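Here is a short tour for anyone who likes to see how a fold is put together before setting up a calculation. Have a look at the structure first, then read on.

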Amino acid sequence: MTMLQDILKFNEDFVQEKKYEPFITTKYPDKRIVVLSCMDTRLVELLPKAMNLRNGDVKIIKSAGALVSHPFGAIMRSLLVAVYELQADEVYVVGHYDCGMSAVDPEAMLNKMVARGINPETIKTVENSGLDLKKFLRGFGDVKTSVKKSVDTIRNHPLMVKDVPVHGLVVDPNTGRLDLIIDGSKQ
């Protein structure tokens, strides 16, 4: 049985046995916050528990490194939707120590793409279209600096209302300890 078949079989039982009922809520976050966090597997359950968040409390947006890499990209759009359409009144950017994005080597990733079948000509075409692939794929060196940069991008965005606090934190993926980097309510 494939992973997909396992998931679909589990889901069939999940729905039939009404195991979804404890998770019923609305689309609006009860705590009126939106969290941008990394997609790291260690944070899937740990981060909400460490922040005392339950189903229905929060909007959670995931991106590699908790980065807002483009001011008019999908991450920023999701944050704006959370604030203007889904009643979020605060934004939390939560990076984490030992993040895989801190070690991303764009050249190595491009080599992995070629090894897995991406035609080198396709890479050249993308680069010739004006996208700096090495910059696009680059990670970061220091998580605290990265969190500050994402907070600044959100806070200074021309479409973000200025009375929404944008906080920056870093979580320890082993213990759940949160280190405050920026208290957005003091900005």
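**The fold as a whole**

Please keep in mind that this is a predicted model. Along the principal axes, the C-alpha atoms fill a box of roughly 55 × 50 × 35 Å. Of the 187 residues in the chain, 36% are buried. Among contacts with a separation of 6 or more, 72% are between residues 24 or more positions apart. The accessible surface comes to about 11800 Å², and carbon and sulfur atoms account for 55% of that surface.

Helix H7 covers residues 143-155, which makes 13 residues. From its first C-alpha to its last H7 reaches 18 Å, close to the 18 Å expected at 1.5 Å a residue. Which residues of H7 are buried? They are Val-143, Ser-146, Val-147, Ser-150, Val-151 and Ile-154. Viewed down the axis of H7, these buried residues fall within an arc of 135 degrees, so they line one face of the helix. An α-helix has 3.6 residues a turn, so residues three or four places apart point the same way. The buried residues of H7 pack against helix H3 (74-84) and against strands E3 (90-96), E4 (166-171) and E5 (178-182).

**Charged pairs**

The structure holds 11 salt bridges.

| Salt bridge | N to O distance |
|---|---|
| Asp-13 and Lys-9 | 3.0 Å |
| Lys-31 and Asp-57 | 3.9 Å |
| Glu-121 and Lys-124 | 3.8 Å |

Asp-13 and Lys-9 are 4 residues apart in helix H1, so about one helical turn separates them. Asp-13 is partly exposed at 24% relative accessible area, and Lys-9 is partly exposed at 40%.

Glu-121 and Lys-124 both lie in helix H5 (residues 120-128), 3 residues apart, which is about one turn of the helix. Glu-121 is partly exposed at 47%, as is Lys-124 at 45%.

The bridge between the side chains of Lys-31 and Asp-57 links distant parts of the chain, 26 residues apart. Lys-31 sits in the loop between H1 and E1, while Asp-57 sits in the loop between helix H2 (43-50) and E2.

Elsewhere, Asp-40, Arg-42 and Asp-98 are linked in a network of salt bridges.

**A nonpolar patch**

Val-15, Tyr-20 and Ile-24 make a nonpolar surface patch of about 280 Å². Val-15 belongs to helix H1 (residues 3-16) and is partly exposed, with a relative accessible area of 42%.

Technical notes. Residues are numbered from 1 along each chain as its sequence is written. This is a predicted model: local features need pLDDT of at least 70, side-chain atom pairs count only at pLDDT 80 or more; totals for chains, interfaces and linings use all residues. Side-chain values use heavy atoms; hydrogens and water are left out. Patches are made of residues with over 30% relative accessible area and no salt bridge: like charges are joined within 9 Å, nonpolar side chains (Val, Leu, Ile, Met, Phe, Trp, Tyr) within 5 Å. Accessible areas come from the Shrake-Rupley method with a 1.4 Å probe; for residues, only the protein chains shown count as cover. A salt bridge is a side-chain nitrogen of Lys or Arg within 4 Å of a carboxyl oxygen of Asp or Glu. Helices (H or I, at least four residues) and strands (E, at least two) are DSSP runs, numbered from the N terminus. Buried means under 20% relative accessible area, exposed over 50%, partly exposed in between (1.4 Å probe, protein chains only). The expected span of a helix is 1.5 Å times one less than its number of residues. The arc is that of the directions from the helix axis to the C-beta atoms. Contact means heavy atoms within 4.5 Å.
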